[in-house]
Amino acid sequence: MEALSSRAYRQGSTYYPSPFFFLYAMAKIPGECNQWTMECLHQEVQDTLKHHPPQDLLEVAQACITLSLTKGKSPQVKPLLDRILVEQQTDGGWAAVSMCWGLNPQRFWLGSRE
C-alpha cells in the first residue's frame, strides 16, 4: 500500500519498468484489496494514463484491465479498447512486447507474443 499511496510505482521497479504493471498486479490479487484500495487503484490508473501515457500495447491492456477490475466507470476504457483492436494483426495476435527485465546480468527483456 505504501507504493500506491506514495506513487513510487510510477518509477517502475528493477524488473518491471512499467507503472501499469504494478497497478494491474495489485488489482489481480483476489480478496486482498478492499473497496478503498480498488477505488485508489482506479484513480491511479486514470492519473497515470494522464501523466504517463502508455508506451506500448501491453501497458494499454494492463490499464484497460485494471480499470475493468476496479469496476469504476471511466471514459478512458473505450479509447484503450479501440487502440487494442486497431493494433490487432491479421492473424488475430498482437506484436510482441516485453514486460520485464531478465534475471541475468545482461538484463535482457522477457516477453512473448501473448
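A residue is called buried here when its relative accessible area is under 20%, exposed when that value is over 50%, and partly exposed in between. With that cut-off in mind, Arg7, at 35% relative accessibility, counts as partly exposed. The model is a predicted one, and the points below describe what was computed from it.

**Overall make-up**

- The chain contains five helices and two strands, and when it is read along the sequence these elements follow the pattern α-α-α-α-α-β-β.
- The chain has 114 residues, of which 35% count as buried.
- Among the contacts in the chain with a separation of 6 or more, 55% are accounted for by residues 24 or more positions apart.

**Packing of α3 with α4**

- Helix α3, which covers residues 35-51, packs with helix α4, residues 57-69, at an angle of about 150°, and their axes are 9 Å apart.
- Because an angle over 145 degrees counts as roughly antiparallel, α3 is described as roughly antiparallel to α4.
- In this pair, α3 passes α4 in a left-handed crossing.
- The contact is formed by Met38, His42, Val45, Gln46 and Leu49 on the α3 side, and by Ala63, Thr66, Leu67 and Leu69 on the α4 side.
- Sorted by class, the contact of α3 with α4 has six nonpolar and three polar residues, with no charged residues.

**Packing of α4 with α5**

- Helix α5, residues 77-86, packs with α4 at an angle of about 140°, with the two axes 9 Å apart.
- At that angle, α4 and α5 are therefore oblique to each other.
- The crossing in which α4 passes α5 is left-handed.
- From α4 the contact draws on Leu57, Val60, Ala61, Ala63, Cys64 and Leu67, and from α5 it draws on Val77, Leu80, Leu81, Arg83 and Ile84.
- The class count for the contact of α4 with α5 is 10 nonpolar residues, no polar residues and one charged residue.

**Packing of α2 with α4**

- The axes of α2 and α4 come within 9 Å of each other and cross at roughly 30°, and this crossing is left-handed.
- The residues that make the contact are Pro19, Phe20, Phe21, Leu23, Tyr24 and Ala27 of α2, together with Glu59, Gln62, Ala63, Ile65, Thr66 and Leu69 of α4.
- By class, the contact of α2 with α4 has nine nonpolar residues, two polar residues and one charged residue.

- Ser18 is found in the loop between α1, which covers residues 2-6, and α2, which covers residues 19-27.
- Ser18 counts as buried because its relative accessibility is 11%.
- When its neighbours within four places in sequence are left aside, Ser18 is in contact with Glu59 and Gln62, and Glu59 and Gln62 are also among the α4 residues that make the contact with α2.
- The side chain of Ser18 makes a polar contact with the side chain of Glu59, at 2.6 Å.

- Arg7 is found in the loop between α1 and α2.
- Although Arg7 is not a glycine, it has a positive phi of about 65°. For comparison, most residues other than glycine have a negative phi.
- Asp47 has its place in helix α3, and it is buried because its relative accessible area is 18%.
- Apart from its neighbours within four places in sequence, Asp47 is in contact with Arg7 and Arg10.

**Phe22, in helix α2**

- Phe22 has its place in helix α2, and its relative accessible area of 22% is the reason why Phe22 counts as partly exposed.
- Not counting residues up to four places away in sequence, Phe22 touches Ala3, Leu4 and Tyr9.
- Phe22 and Arg10 are 12 residues apart in sequence, and their C-alpha atoms are 8.6 Å apart in space.

Methods. Residues numbered from 1 in each chain as written. Predicted model: local features only at pLDDT ≥ 70, side-chain atom pairs only at ≥ 80, totals over all residues. Heavy atoms only, no water. Axes fitted to C-alpha atoms, helices over the stretch in contact; angles between N-to-C directions. Helix = DSSP H or I, 4+ residues; strand = E, 2+ residues; numbered from the N terminus. Parallel < 35°, antiparallel > 145°, perpendicular 65-115°, else oblique. Left-handed = near helix turned anticlockwise from the far one by under 90°. Contact = heavy atoms within 4.5 Å. Nonpolar A, V, L, I, M, F, W, Y, C, P; charged D, E, K, R; others polar. Buried < 20%, exposed > 50% of the residue type's maximum accessible area, 1.4 Å probe, protein only. Polar contact = N/O pair within 3.5 Å; in protein donor to acceptor, adjacent residues only side chain to side chain.
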